[in-house]
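I opened the notebook to look up charged pairs and overall shape. The entries follow in the order in which I made them.

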Amino acid sequence: MEDILELTIAQIRELLQKRKISSVELTNYFLERIKRFDGDISSYIKVTEEYALKMAGDADKKIADGENGQLLGIPLGIKDIYCTKGIETTCASRILKGFIPPYDATIIRRLKDEGYVHLGRLNMDEFAMGSSTETSYFGITRNPWDLERIPGGSSGGSAAAVAADECIASIGSDTGGSIRQPAALCGVVGMKPTYGRVSRFGLIAFASSLDQIGPFTKDVEDCAIMMNAIAGYDPRESTSVPLNVPDYTEFISRGIGGWKVGIPKEYFIEGIHPDIEKAMQRAITTVEGLGATCVEISLPHTEYCLAVYYIIAPAEASSNLARYDGVKYGFRPQGSIDLLDMYKKTRSAGFGAEVKRRIMIGTYALSSGYYDAYYKKASQVRALIKRDFTEAFTLCDAILTPTSPTPAFKIGEKMDDPLQMYLSDIFTISTNLAGIPGISVPCGFTKDGLPIGAQFLAGHFEEGKLIQIASAFEKYANIEKRRPAL
Amino acid sequence: MPYEPVIGLEVHAQLLTETKIFCSCSTQFGAEPNSHTCPVCMGMPGVLPVLNRKVVEYTMKMALATHCRINEACNFARKNYFYPDLPKGYQISQYAQPLSEHGYVDIELDGGKKRIGITRIHMEEDAGKLLHDEHLPSSYVDLNRTGVPLIEIVSEPDMRSTDEAVAYLKRLHEILVYLEICDGNMEEGSFRCDANVSLRPRGEMMFGTRTELKNMNSFRNVQRALDYEIKRQQCILESGQDVIQETRLWDDSKGETQSMRGKEEAHDYRYFPDPDLVPIVIDNAWTEEMKKSLPELPLEKRERFIRDYQIPPYDAGVLTSSRALAGYFEEVARLSGKPKIASNWVMGDVLRFLNEEKRDIKECPVLPGSLAEMIQLIEDGTISGKMAKDIIVEMYRTGKSPQAVIEEKGMIQITDEGTLEKTVAEVIAANPTQLAQYRGGKEKLFGYFVGQVMKATQGKANPQLINELLKEMLAKE
């Protein structure tokens, strides 16, 4: 069954429908792989074996009954940030240890409606705060391409699990690059859709105005299939947008002849890894080879993105994380003498260092007397960043940038230097601030054999364009097919 | 030195929507703890709020009824603080951009009118309730109330006495209940009031240091707490000390205010726009629609009653104190065609019966049609006013029509002159002493004879006829 490794959702779906393989067999195959390889990688916080096999059994029955969900019988891994009824959901934090949601996130409901199989909960940075999956309370996740290195973050578990074939595809979340950056560092496809395209209901909030949900897949076609399953209006989210969702698979193989692709000059800065710079040059050539024209564009407020992000995201987080107080669910230490003591003990012991750092930054930024100088100013600059993109998209159909300035770095390398860590997301953060969609696709390897990702960006609700350009790129870039040696 | 109090009030009114402001749980009061909750109002991880449109509409009604300007766009903000009755760790409220601003209501005191400014009216969610164990050091959290919609009505510091403050509060209460957007129940907490009070030397323009008073759950307590606090601050100022800016709680049993927290301990709520909710845009069409849905408000109604029904201002005030009572009265007035008389019966007998039993006009067993019929029976002389006083008691007791009561009791008025003449003659004959005195000039005794005739006829005689006959018969030898 080794060839299952090579297969995409599209291919496996056909095997399932033709009864060449059952969902239970498939699920057992991945459960076996997880047992074999996840000891080294640790992409899963928890494998829900029994639950998975039950879902697989149900899927097989449905297949026998002639039903045909888009993900019927497909084993997926889920970032541990989506409330799932009856399944412990922790956000990789001690403070939510033992929390079993009484309800399903909209995305989980949609996946269930499509007949997916829930393999387990994927590791992440605590509350999605990080770029390396080193801040999880449940331990670090390692990059399948080099176990000494991080897989990126915060959705590191989701990226590593797909790269290591511990699931066919997975779901992650992206607040400042948390899908695209680990996708690049693990050599898989990762998409952050437009803000408002995929429902956030049931996604445990980090920064509400930036959080989006998206898939990790082996190729762009699978990304389109996953998007078809998860995108769409949700009346339970006020910021969800009631727009029709196209069939994203129709954008595969359309080609990009005559397109203009913007290359933002501000994104080709000093400090980019030389191998990534070379890969980007090759990417530009590939895009032009596809009949598109690459044009230099400017996103003049790029230099403020990181500063704006590190005010808005922590400010929202400081409020979003206030509910973890030990009163209702999750972790509460024993032996508190009064209410204030209980709050202090719960939050001191329940949250990790990075989460506390961001709560403090956010609390400060919102404090009386500082609000105007920080949060308000940041919101104003954010509007300018958004305008940069609106103007840029009058000149081009899509934008091409590197996903990350560096390939996967060593475990521990940036843990003591938060600023260096924050720079990992320098090319991905603006997308979230503007609310536009972005996709990272593999575009080669460094000399040391580490994957490199290219990022494409498009205007609001133009995920179809991203599928179109990314699938064309994938087909013609002639990226060497490699698998991580496990 | 004579001091002048400066008072501003913050009123919280629970709205009578069926469901909560951001989820579809019931707002019903008094249910089993935590039975009206869902992941959204319990503040579970990952949940998101969706605004109940009715809340916006009810708030718009109050804003329009108090002459506020409705902002074309407003938004929700998060008010961040930790407390176990606040499951999200923040309250969704409005801050920089409230739904409405710059309104007023008029109050009346000792015949004079005064306009009290309203700074703003905004929407927010209520918090839950804590129940403290009497024996164990434990507390229990009930989240049924969490997410029940509230409006906060903030006044300008325009009130200069406790009486003005109470009059303002009663006016707001009346309007809210009239609009049928709040039940106004202060004991159950659906109408709550906090007060800001300061004193300044009379004639001084600058405000003094204020204290904020909380926990006053009746009009009487608002009155008592304000009176107490004004005296307390006066004593401090007169002794040459400074009032400390702080929040004070009214202790009903002790009849005093006590310090709860000082300025230093005041929360920094770190307000910021709630990213989970989108701005609310209110266009003219929506505002117009709400304007059309407004009922006649108490003040307008009262003026109309005085003008159209020619009833005294006091009576008009009582009759318009609730929409149901005003409606009851108007129905009686219309059916009887005698508004002034209708007013007397409603104000007098009907309200007295109801008040004795603490019943609402909506539960009144005497239907407006019955009361109007009774008034007509008096008018056409079928019964006397005095008989009616007994009949209405029976009508109230049994819910029967006046005709039915009269028939059962055989209470038809004696209007036959011949019959009555005979009785009058008998009465005169039976009271020779009084007759002599009367004729000797003691005219007051006329009433005595009327009473005797009434007694003899068991009150059924037509009083006018008795008068005429007595005058005639007492005069002649």
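**Charged pairs and chain B**

I began with a network of salt bridges, which links A:R200, A:E237, B:R78, B:D274 and B:D276. For a salt bridge I required a side-chain nitrogen of Lys or Arg within 4 Å of a carboxyl oxygen of Asp or Glu. By this rule I got 54 salt bridges over all chains.

I noted the conventions. The model is predicted, with local features needing pLDDT of at least 70 and side-chain atom pairs counting only at pLDDT 80 or more, while totals for chains, interfaces and linings use all residues. Residues are numbered from 1 along each chain as its sequence is written, chains are lettered from A and ligands numbered from 1 in the order in which they are written, and side-chain values use heavy atoms, with hydrogens and water left out.

Next I looked up A:E354, which forms a salt bridge with A:R358 at 2.8 Å between the closest N and O atoms. Both residues lie in helix α11 (residues 353-366) of chain A, four residues apart, about one turn of the helix. Helices (H or I, at least four residues) and strands (E, at least two) are DSSP runs, numbered from the N terminus. I found both A:E354 and A:R358 buried. Buried means under 20% relative accessible area, exposed over 50%, and partly exposed in between (1.4 Å probe, protein chains only).

In chain B I checked B:K113 and B:E303, whose side chains meet in a salt bridge of 3.9 Å, N to O. This pair links distant parts of the chain, with B:K113 in strand β7 (residues 112-125) and B:E303 in helix α5 (residues 298-309), 190 residues apart. B:K113 is exposed at a relative accessible area of 54%, and B:E303 is partly exposed at 41%.

I then took B:R304 and B:E330, which form a salt bridge with the closest N and O atoms 2.9 Å apart. B:R304 is in helix α5 and B:E330 in helix α7 (residues 323-336) of chain B, 26 residues apart. Both B:R304 and B:E330 are buried.

Last, I looked at chain B as a whole. I listed 15 helices and 16 strands. Of its 477 residues, 52% count as buried. What is the radius of gyration of chain B? I got 30 Å, whereas a compact globule of 477 residues would have one near 23 Å. The radius is taken over C-alpha atoms, and the globule rule is 2.2 Å times the number of residues to the power 0.38. Along the principal axes, the C-alpha atoms of chain B fill a box of roughly 95 × 55 × 55 Å.
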